[in-house]
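Welcome, and thank you for opening the viewer. Could you take me along on a short walk through this protein, stop by stop?

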Amino acid sequence: MESIVYQPMECPVCGKFYFSELQEGDDIRRLQCSKCGWRYDYEQAADPDLKHGNNTQSVNEYRAWYEAVIADNPEYDYSDEHCPPAQPHQCPVCGEHLFKDKDSFDMCPVCGWIDDGLMEDNPNKWAGSSNDLCLNDYRDRYLQNKQSS
Ligand SMILES: [Zn+2]
Ligand SMILES: [Zn+2]
């Protein structure tokens, strides 16, 4: 097995991210700059014209791309772009529980609704998928049960 060289360093593309000491269990090939998305590759960092390493583009090409992106959007952040922030939202049935994210498929501890974004967007459809009833019917049943108890 070829050994992969690792050395803590600044991201050679954007210079805004620091690849720090490896932690137990880190996979070098999966380390990635959160600002520009460059994947760690020691040899590519050492030779900025080297293509087809862990990154298809060379560091110089990647830099040119990043500069164009930043010129267009100075706030650009690779991790924001690729991992959208969580969207906490109220349970659409009982309104008493806050789901941590959209489409979490968590179960509401108050009414038992499974958080399903598709069902929430189409309140008269998709009965029998994540929940046995569509959102509107589920809400009716919940309100009825609540009144009768
Ligand atoms: Zn970077
Ligand atoms: Zn609920």
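**First stop: a loop.** Select tryptophan 38, which sits in the loop between strand S2 (18-19) and helix H1 (42-46). Keep in mind as you look around that this is a predicted model. Is tryptophan 38 buried or exposed? Tryptophan 38 counts as buried because 27 other C-beta atoms lie within 10 Å, and the cut-off for being buried is 20 or more.

Now show what surrounds this residue. Setting aside residues up to four places away in sequence, tryptophan 38 touches Cys11, Val13, Gln32, Cys33, Asn55 and Tyr62.

**Second stop: the core.** Next, select Cys11, Val13, Cys14, Phe19, Cys33, Cys36, Trp38, Tyr40, Ala45, Val59, Tyr62 and Tyr66. These twelve residues form the largest nonpolar core. Helix H2 gives the most to this core, with three residues.

Click on tyrosine 62 while you are here. Apart from its neighbours within four places in sequence, tyrosine 62 is in contact with Val13, Trp38, Asn55 and Gln57. A second, separate core has nine residues, among them Phe99, Cys111, Trp113 and Met119.

H2 has 14 residues and spans 20 Å from its first C-alpha to its last, close to the 20 Å expected at 1.5 Å a residue.

Which residues of H2 are buried? They are Val59, Tyr62 and Tyr66. Because they cover an arc of only 60° around the axis, they lie on the same side of H2. As a general rule, an α-helix has 3.6 residues a turn, so residues three or four places apart point the same way. Helix H1 is included in what covers the buried residues of H2. Turn to the other side of H2 and you will find Ala68, Ala71 and Asp72 exposed.

**Last stop: the whole chain.** Zoom out and colour two ranges: domain 1 (9-82) and domain 2 (89-148). Their C-alpha centres lie 41 Å apart.

To finish, colour by confidence. The protein chain averages a pLDDT of 93, and 98% of the residues score at least 70.

Terms used: Residues numbered from 1 in each chain as written. Chains lettered and ligands numbered in written order. Predicted model: local features only at pLDDT ≥ 70, side-chain atom pairs only at ≥ 80, totals over all residues. Domains from an automatic or database assignment. pLDDT = per-residue confidence, 0-100. Core = buried A, V, L, I, M, F, W, Y, C linked by C-beta atoms within 7 Å. Helix = DSSP H or I, 4+ residues; strand = E, 2+ residues; numbered from the N terminus. Contact = placed C-beta atoms within 7 Å. Expected span 1.5 Å × (residues − 1). Arc of directions from axis to C-beta.
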